[in-house]
Amino acid sequence: MCGIAGFTIPQGLPAAARRERYGERGRAMVASLFHRGPDAQRVSLLDGAVLGHARLSIVDLAQGHQPMCDPETGVAVAFNGEIFNWLELKASLPGYRFRTTSDTEVLLAAFLARGIDCVKDFVGQFAFAVWDPRDATLWLARDRVGIRPLYLARTGEGVAFASEAKALFAGGWLAPRLDERGVVDAVHLWAPMTPRTQFDGVEALPPAHVACVKDGVVTQRRYWALDLSDGNVRRDLSMDEAKEAVRAVLDDAVTLRLRADVPVAAYLSGGLDSSLICALAQRRLGGTLQTFSVGFAQARYDERAFQQEVATALGTTHHVVEVQDADVGALLPEVVWHGEQVLVRSAPGPFLALSRLVRQHRTKVVLTGEGADEVFLGYDLYKETKVRQFWARQPRSPHRPRLFARLYPYLPLSQQSPEVLRDFFGIGLEHPEAFDFSHQVRWTNTGRVARFFSKDFAARVAAYDVTEAVRAQLPPEVQGWRPLARAQALEMATLLSGYLLSAQGDRMLMGNSVEGRFPFLDHRVIEAAARLPDRVKLDGLEEKAVLKRLARGLVPDDVLARPKFPYRAPIAEALVGPSAPEWCRALLTKPAVDATGVFDGGKVEKLVAKLAKATAAPSEADNMALVAVATTELLAHQFIHAPRAVPQAHLDAVSVEDGAVPAGGRG
Amino acid sequence: MSTPRERLRGFIADTFFVDDFQDGDSFLRNRIIDSTGMMELVAFLESDFHVKVADAELVPENLDSIDNLVAFLAKKGVA
């Protein structure tokens, strides 16, 4: 896993002119991604494009140098990620003479054999750029669910791309400015809606898409889509048959992800998903698995007892980092620097502390349980959709809304009045066919953050419709699916790729040069789960039923029996009051907030004052608003008002060369 | 001395950061106040208006808009 960057340049320039005009821009871009690839950094000045690469060596440590080119055609690649089935692919490409044992060369060979459609054969997590000098085309591609990031900017000088937006700024392709609509997205959907990002002019290549850049024009197309339609479901499947189907494909997904020339460890949250992954991995590894966990000093967030129970049962070598309230505040500037987005939760920070712990144990690859909740219907959101759908059939029923009291027993008023439940959960009940039916309650609740917008900002974004922005990104057939399937498609397109895999995933891992691997997000697992009837995934109101069956005997019974425990981290107690870091006192003031212009400085000061009281009981809305304001101010501060410079040592480390490394050539 | 209506409106604006709403608007339906906020509201009624709110009175007809609150307080003898 690594970082990539590059841009198109005019063809036919002499090498010296290329170096003079573009060498330092390429160097700055790659240097800004040093954290993603501390093992080697290289820029290749090609005739028509510049490719850059920062390498985290995991496969073929000696020979997998990048950017790599095929000596015969000159086709060159800069590749971030993993193609886990590269050994099988290699065997299917007899026409190519392999010179290395690296997966990067397999990508090159597959591209030469099939063109960009080679991505359809890849089982993996990847973002890559291929320069094909034969037709002067730059190809960009991103994996099916958006595990690896890829951004681009269309500029007057050419098209630039990079693993993180900061590289586009470092290369001087555009100046960082907040995308105001992206901010509106973030305070409703938890993340900007692809292709929008938090920065004006920086676009994300959507997951499951390839882009073709030719003569300065970018054309994109989707190469994979998940079919969640009724027609794809094997209705007659029994729970036992479903369990066996999942076991086979998930076990293979784990096995493929243990392929590496360095040790592979795992994250362990103490819940079902990561425990199951750890159990499957430990069986394959024969007892050498290392596990890593976050513990919280505050008991209400802490899961250490369950983590320890699983680690003991599986016989793993277990490591824990304990996170204090103050750590969450102290980590937030780094979280925003790496994550490059506005947040409504503080939960990514502890993952940055966790990847640091992994790195301290000289480990650079971890498996995680991410994705199971999306793929196997684990979230409360799916239950809520099911109850709302049931209720919508008899909207006047006084009994049906009472199911929410069962679903959310911790809501203090929920037991008391069906009218309250109706007001809170009954949004859009008259239109259960609405495309966003499943997400209306969450998006409306999160959207309360918008009340903190400044008057000017609110006026500028008043006409922007978040729901329409989401709809435009989903394949049109989604509208015709059943509500649970629509909910799943929306969840994967917004929260999963936009937040969990990026701000809380890739960026928090790569911030300490650690690669995450996600067996539940193997597209074969996702497709197998899509063929299962909903009843084996969400059995009544029991989530992930088939995974629980599968985990019996592999994972301690206590873990299977415990109610789902949402992963969260402290907010108000971390950002206000005695534990608050110095930067909060500087940035969460009326003048600072007003200067950025997104939020109303007066309201923010009142919010901080309210939460600072010893008797404060922060509501969900207060907490989300506080994180949204803090991360917006941190983003503006670190990227716009006082941008961080790329360290000289990182600039010096980059090797700028007049061509790519021929496969099997010098390192 | 400001009226209960004005004091309630001031409390809502200062505590929940919303001021562009009508006196008849439902707090819950319009996401002005959530369930945590309802507890804050009840605490405010008890401390500032010196009324006791029984569990059975924690219903939207009493609490879910400025109009409902004013009527509820009137029943409790606050005008």
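Where is Pro195(A) found? I looked it up in the predicted model and placed Pro195(A) in the loop between helix 5 (180-189) and strand 10 (203-204) of chain A.

**Entry 1**

I noted another cis bond, from Gln66(A) to Pro67(A), where omega is near -10°. Pro67(A) sits in the loop between strand 3 and strand 4 (68-69) of chain A. For context, most peptide bonds are trans, and most residues other than glycine have a negative phi.

I then turned to phi. Asp215(A) is not a glycine, yet has a positive phi of about 50°. I found Asp215(A) in the loop between strand 11 (209-214) and strand 12 (217-222) of chain A. Its relative accessibility is 71%, so Asp215(A) counts as exposed.

In chain B I noted Arg31(B), a residue other than glycine with a positive phi near 60°. Arg31(B) lies in the loop between helix 1 and helix 2 of chain B. Is Arg31(B) buried or exposed? I read a relative accessible area of 2%, so Arg31(B) is buried.

**Entry 2. The contact between the chains**

I came back to Arg31(B) when I looked at the interface. Chain B and chain A bury about 1900 Å² between them, with 57% of it on carbon and sulfur atoms. Phe17(B), Arg31(B) and Asp34(B) supply 42% of the area that chain B buries against chain A, more than any other three residues. I recorded 19 residues from chain B and 26 residues from chain A in the contact.

How many salt bridges does the rule find across the interface of chain B and chain A? I have two. In a salt bridge between the chains, Asp14(B) meets Lys606(A) through their side chains, at 2.9 Å from N to O. I also have seven residue pairs in polar contact between chain B and chain A, both residues at pLDDT 80 or more.

Next I asked which elements of chain B take part. Helix 1 (4-16) and helix 2 (35-48) of chain B are the elements that give two or more residues to the side touching chain A. Helix 2 of chain B gives the largest share, five residues. By type, I noted nine nonpolar, four polar and six charged residues on that side of chain B.

**Entry 3. Nonpolar cores**

Which residues touch the most other members of the largest nonpolar core? I listed Phe122(A), Phe128(A), Phe376(A) and Phe599(A), in a core of 211 residues. I followed Phe128(A) and set aside its neighbours within four places in sequence; its contacts include Ile4(A), Val77(A), Phe79(A), Phe122(A), Trp139(A) and Leu150(A). A second, separate core has 37 residues, among them Ala392(A) from chain A and Leu58(B), Leu63(B) and Ile66(B) from chain B.

I also looked at Leu521(A), in the loop between strand 17 (515-517) and helix 20 (523-531) of chain A. Leu521(A) has a relative accessible area of 3% and is therefore buried. Leu521(A) and Ile147(A) are 374 residues apart in sequence, but their C-alpha atoms are 8.7 Å apart. Beyond four places in sequence, Leu521(A) is in contact with residues including Val145(A), Ile147(A), Glu370(A), Val375(A) and Leu496(A).

**Entry 4. Salt bridges**

I took Arg482(A) and Asp534(A), whose side chains meet at 2.7 Å, N to O. Arg482(A) is in the loop between helix 17 (466-473) and helix 18 (483-500) of chain A, and Asp534(A) is in helix 21 (residues 534-537), 52 residues apart. Both residues, Arg482(A) and Asp534(A), are buried.

Arg644(A) forms a salt bridge with Glu334(A), and their closest N and O atoms are 2.6 Å apart. This pair links distant parts of the chain, 310 residues apart: Arg644(A) in the loop between helix 28 (620-641) and helix 29 (648-653), Glu334(A) in helix 9 (residues 325-339) of chain A. I noted Arg644(A) as partly exposed at 36% relative accessible area, and Glu334(A) as partly exposed at 29%.

Last, I noted a network of salt bridges that links Arg36(A), Arg148(A), Glu164(A), Lys166(A), Glu340(A), Asp506(A) and Arg507(A).

Notes:
Residues numbered from 1 in each chain as written. Chains lettered and ligands numbered in written order. Predicted model: local features only at pLDDT ≥ 70, side-chain atom pairs only at ≥ 80, totals over all residues. Heavy atoms only, no water. Contact = heavy atoms within 4.5 Å. Buried area = accessible area lost by both parts, 1.4 Å probe. Salt bridge = Lys/Arg side-chain N within 4 Å of Asp/Glu carboxyl O. Polar contact = N/O pair within 3.5 Å; in protein donor to acceptor, adjacent residues only side chain to side chain. Helix = DSSP H or I, 4+ residues; strand = E, 2+ residues; numbered from the N terminus. Nonpolar A, V, L, I, M, F, W, Y, C, P; charged D, E, K, R; others polar. Core = buried A, V, L, I, M, F, W, Y, C linked by side-chain atoms within 4.5 Å. Buried < 20%, exposed > 50% of the residue type's maximum accessible area, 1.4 Å probe, protein only.
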